Amino acid sequence: PLVVGKEVLDKARREGYAVPSFNTNNLEITQAILEVAEELKAPVFIQVSDGARKYAGMENLANLVKDMASRVRVPVVLHLDHGADFAMVMQALRAGFTSVMIDASHHPLEENVRETRKVVEAAHAVGVSVEAELGRLQGIEDNVQVSEAEAFLTDPEEAERFVAETGIDYLAIAIGTSHGAYKGKGRPYIDHRRLQEIARRVSLPLVLHGASGVPAWLKEKLLATGAEVKEATGIHDEDIQKAIPNGIAKINIDTDLRLAMTLGIREVVVGNPREFDPRKIIGKGRDYLKQVIREKFQLMRTVGRA
Ligand SMILES: O=C(COP(=O)(O)O)N(O)CCCOP(=O)(O)O
Ligand SMILES: [Zn+2]
């Protein structure tokens with residue numbers, strides 16, 4: 001069923017596992033997420049970004065997820081990813097979202113606090129959980145762009161104050177991850193000591209954005225279809241596994257789903273030039289999506305937690 005975010009993440013942080021938050025833009029991605037969550041008896045967040053809202057329509061995606069979530073046994077949270085402003089958050093609340101992010105992290109701290117408090121008051125009035133962000137990720141991705149220079153990591157002491165002043169339910173932090181498929185030259189450096197210091201001061205569930213791994217098997221297969229993803233690199237599994245006991249309870253995954261969908265589509269389109277049935281083309285993408293989603297639940301130890 002559809003549930004509120006706080007209860008799912010408080011349990012995850014308490015019991016030392018994480019819940020993946022997968023971005024959806026359409027029917028097939030949503031199906032893949034829910035089929036695997038049900039199969040593995042795992043709680044799951046399905047999140048809609050600003051880009052997805054523009055692409056598919058917020059109400060369309062909300063109605064799809066709400067209806068499908070009502071027909072599975074595992075807890076499903078419908079989450080607004082990177083809510084840009086109060087108006088967008090209100091649109092999500094009206095559409096029935098059970099968790100919302102207000103991302104005012106690119107504003108000065110006082111404005112971030114003000115914006116976030118306003119959202120907390122409105123969302124909590126209707127029993128919906130709130131995520132906010134402190135610190136900035138580097139990385140380029142569609143509507144989420146921060147140049148290297150502006151990127152800065154989350155200050156533990158500031159995080160403690162921010163949580164106290166805003167009343168949020170979970171906190172997104174910057175410890176070295178970044179959005180998109182190009183997270184740095186070699187292995188991205190994840191500041192685990194900084195995370196431990198934040199987790200010591202903040203008892204709320206912590207959120208990791210920009211956490212896609214760009215799995216080797218997926219990259220190899222994509223390269224074999226002629227996809228130009230040679231420079232793509234992601235967060236290493238060990239860094240994810242290390243971050244979870246240190247308070248990370250929600251982990252955002254979008255890029256790995258994009259790569260999986262693209263692999264299926266390219267394999268059919270490049271491999272069978274005579275194929276023009278979208279069900280065969282997008283359907284192949286859905287199969288790879290399910291494989292990636294399965295791996296994420298296993299990596300985050302979410303299996304069987306529903
Ligand atoms: O943290 C992430 C994804 O991280 P990833 O790129 O490492 O998967 N997200 O919040 C997804 C942001 C997607 O925004 P848009 O659809 O507008 O491009
Ligand atoms: Zn993000």
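1. A polar contact here is a pair of N or O atoms within 3.5 Å; within protein, one must be able to donate a hydrogen and the other to accept it, and residues adjacent in sequence count only if both atoms are side-chain atoms. By that test, an oxygen atom of ligand 1 sits 2.6 Å from an N or O atom in the T255 side chain. For the H209 side chain, the distance from a ligand 1 oxygen to an N or O atom is 3.3 Å. G51 takes part through a polar backbone atom, 3.5 Å from an oxygen of ligand 1.

2. This is a predicted model, with local features needing pLDDT of at least 70 and side-chain atom pairs counting only at pLDDT 80 or more. Residues are numbered from 1 along each chain as its sequence is written, and side-chain values use heavy atoms.

3. The shell of ligand 1 (residues with a heavy atom within 4 Å) holds 21 residues. S49, D81, K183, S212 and T255 are the closest. By class, 12 are polar, six charged and three nonpolar; Gly counts as polar, and Asp, Glu, Lys and Arg as charged.

4. Which elements each supply at least two shell residues? They are β3 (76-83), β11 (248-253) and α11 (255-271). Helices (H or I, at least four residues) and strands (E, at least two) are DSSP runs.

5. Elsewhere, helix α2 (residues 27-39) and helix α4 (residues 58-69) have axes that come within 11 Å and cross at roughly 25°. Angles under 35 degrees count as roughly parallel, so α2 is roughly parallel to α4.

Notes:
Chains lettered and ligands numbered in written order. Axes fitted to C-alpha atoms, helices over the stretch in contact; angles between N-to-C directions. Parallel < 35°, antiparallel > 145°, perpendicular 65-115°, else oblique.
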